[in-house]
Amino acid sequence: MTTKNRVTPEEALAYHLDPTPGKYEIVASKPMTTQRDLSLAYSPGVAVPVEAIAERPETAYDYTVKGNMVAVISNGTAILGLGNLGALASKPVMEGKAVLFKRFADVNAIDIELATEDPEEIIKAVSLMGPTFGGINLEDIKAPECFIIEQRLKEIMDIPVFHDDQHGTAVICAAGLLNALEISGKKIEDCKIVLNGAGAAGIACLELIKAMGAKHDNCIMCDTKGVIYQGRTEGMNQWKSAHAAKTDARTLEDAMKGCDVFLGVSAKGALTPEMVATMADNPVIFAMANPDPEITPEDAQAVRPDAIVATGRSDYPNQVNNVLGFPYLFRGALDIHARAINDEMKIACAKALADLAREDVPDEVAMAYGRKLTFGRDYIIPTPFDPRLIHVIPPAVAQAGMETGVARRPIIDMDGYVQSLKARMDPTAAILQGINARARQAQARMIFTEGDDPRVLRAAVAYQRGGMGTALVVGRESHVKEQLEAAGIGDAYRELQIVNSTNCKHIETYKDFLYRRLQRQGMDREDAHKLATRDRHVFAALMLVHGHGDGMITGATRKSAHVLELINKVIDAKPSDGAVGITALLHKGKVVLIGDTLVHEWPDENDLADIAMAGARVARGLGIEPRVAFASFSTFGYPVSERAMKMHVAPQVLDERGVDFEYDGEMAVDVALNPEMMKHYPFCRLTGPANILVVPARHSASISVKLMQEMAGATVIGPILTGIPHSVQICSNRATVNDILHMAALSASKLGQTR
């Protein structure tokens, strides 16, 4: 089990506030620059698709965003575990749901909060919005109104209507249950199943598993008043009554005796170890209450080591997470222009998820989670960041939709559809997730050098509270405390370890080391004393080389070249030492590494080969198979230029070294990155667009990175300092808190360390 993340109110508010309020924005997908563009986008050009849609309404899917647009709708009557806080208060949650749609399945979504608790008003409002959207996702609407609203909307609308609190939980629960029963050697139709929690999610879970083969007479539902049995009148409604069992059991404790499966969507502590002890052999326990489960896996397995346990928590194995379902259900439904999401589509989603968990897990997924994932008791459900989800689940959903007659536009070429889904994958978030997951696995003691900077302090707090390890902050205690209080996180002062030359018991050892290292470079003992005690970069580097920290992050307050010069007084990080700086650019789902952005001023062909090898090493550390292009203004010898010659020769150096990755050059950047341009050079040895660009000099690397950052809004990670014996990362002096945190995670994962 990993450490549970701690998020303070100040951090949560800052995340939603900076750099702009909210979590998404609308971006035009067509040019909007010239008068011609405006004429096509609006009047008079827009009249043409208007007339086409009026004549044939189905063409709205061709000429508008309807076919890839979902409305996320709530009235705020059941927000997470917070209750009825109103429509406006639900907006942060609905925005979050909208960005999850985009992140995981490339579905455009927009949140709509309705200020009413009247089901009829909600039904009317949503139904009137039908022409705008390809699907409706209802969220955080309390029971029993959610049942009424969803059922009526399904009856009157011709697009999918899906209440995720019900069906999303049910689908993931069903997927995990299929695999848990497979491991337990049991069949769903033979199992005695107890469900605790008769709300929207609980009822949906029971309905779906019954549709998958569980027998009504084997299923017992409980609520806060006990077992829902035939003849009970107290606290009943039509939805509970449909699942009333013929049983003598009256309490959850009674129901649990001899049962095979417990499904909990209720409250913390509802299931006791004593109840678990009475279950049948190889029991299955899905304790899905959030944020705290009905029983923890530790407590359940303490009395029943043979139990398979799942929860809703990310810090335990087998997380029942709705994000595994709703994005891909809608992706498949939208792509066939479905009229509805039916039970068959939900079952297809559950079965596809179950099957995926049984397959070998890709290395990049295992790397992201810091452990080997193999189908078994602790891995019955795929992880949310498995890149296969996008091209495995939607085809299964789409196929079920086509077979059951809800598809308006069936998919003819399923293989082509799978390939198009693969093209939708955005590696950016997966890479960052992988870096952070490896950092949590490493639990490194991270030295934050510039403890006088508020950004650095906030990153240090986030690092420690995020479960990545221990934050060691270099600074004066009084100043650090003052800065933390000013940032609204004064309580973190007691959590961080604040270090400096005055409270360090190793300072004399540090000074001796520095003097021995630099005495033949014009430094006497007094110079060593001043440098070790007065310069925080040198002090932090001395901590690192003496094993008093595992990684170091710096650069937020000084220029990188100056910081590197100071670090070199302690650590060998010069070009001759093998040091290289590789920067990752993440933009529109593409990742390109550029080198050298930090160390080599004017590399020769041998240096360029070193840079290529360093780039390949970093790429593989990020889960990317390297393809290196030596970039120039010339392409494969034309135009001829003395300046381009070293770029022409560098691949020959790699030929002699016999490296095990793709490379070629010299070539222009458009040839390296654009497959259509690359086709003009069929002899090129790259099998696809380059993901590593080795450029002629540091100035061209810097220009390239900053141009992409400023003009295109690319996310920049780096420069990643690699090729040195200690894990040091230097962020830019314009770095945000998140940038510093990413670089600290890189340092913790030792991506750049080679010896």
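The side chain of Asn 75 reaches the backbone oxygen of Thr 116 at 3.1 Å, and a second polar contact, of 2.8 Å, joins the side chains of Asn 75 and Thr 77. A polar contact is a pair of N or O atoms within 3.5 Å; within protein, one must be able to donate a hydrogen and the other to accept it, and residues adjacent in sequence count only if both atoms are side-chain atoms. The model is predicted, with local features requiring pLDDT of at least 70 and side-chain atom pairs counted only at pLDDT 80 or more, whereas totals for chains, interfaces and linings use all residues. Residues are numbered from 1 along each chain as its sequence is written, and side-chain values use heavy atoms, with hydrogens and water left out.

Asn 75 lies in the loop between β1 (69-74) and α5 (91-105); helices (H or I, at least four residues) and strands (E, at least two) are DSSP runs, numbered from the N terminus. With a relative accessible area of 5%, Asn 75 is buried (buried, under 20% relative accessible area; exposed, over 50%; partly exposed, in between; 1.4 Å probe, protein chains only). Beyond its neighbours within four places in sequence, the contacts of Asn 75 (heavy atoms within 4.5 Å) include Leu 114, Glu 117, Ile 122 and Asp 140.

On a 1 Å grid over the protein atoms alone, a cavity is a set of points where a 1.4 Å probe fits but cannot get out, and lining residues have an atom within 4 Å of a point. The lining of the largest cavity includes Asn 75, Thr 77, Glu 117, Ile 122 and Ile 141. The elements giving two or more residues to this lining are α6 (119-128) and α7.

An unreviewed UniProt entry places the feature "binding site" at Glu 139, Asp 140, Asp 165 and Asn 290. UniProt positions are given in the numbering used here, feature names are shortened, and annotations may be inferred rather than shown by experiment. Asp 140 occupies the loop between β3 (135-138) and α7 (145-156) and counts as buried because its relative accessibility is 4%. Leaving aside neighbours within four places in sequence, Asp 140 contacts Asn 75, Thr 77, His 163 and Asp 165, among others.

Ser 266, in the loop between β8 (261-264) and α12 (273-277), is partly exposed at 31% relative accessibility. Its side chain makes a polar contact of 3.0 Å with the side chain of Asn 196. In strand β20 (residues 715-722), Thr 722 is buried, with a relative accessible area of 0%, and its side chain makes a polar contact with that of Arg 617 (3.2 Å).

The structure holds zero disulfides, a disulfide being a pair of cysteine sulfur atoms within 2.5 Å. For Cys 146, the nearest cysteine sulfur, that of Cys 205, is 13 Å away. The sulfur of Cys 191 is 9.3 Å from the closest cysteine sulfur, in Cys 219, and is therefore too far for a bond. Cys 146 is buried, at 1% relative accessible area, and Cys 191 is buried at 2%.

How values were computed:
1 Å grid on protein atoms, 1.4 Å probe; cavity = no way out; pocket = protein on both sides within 12 Å on 5 of 7 lines; lining within 4 Å.
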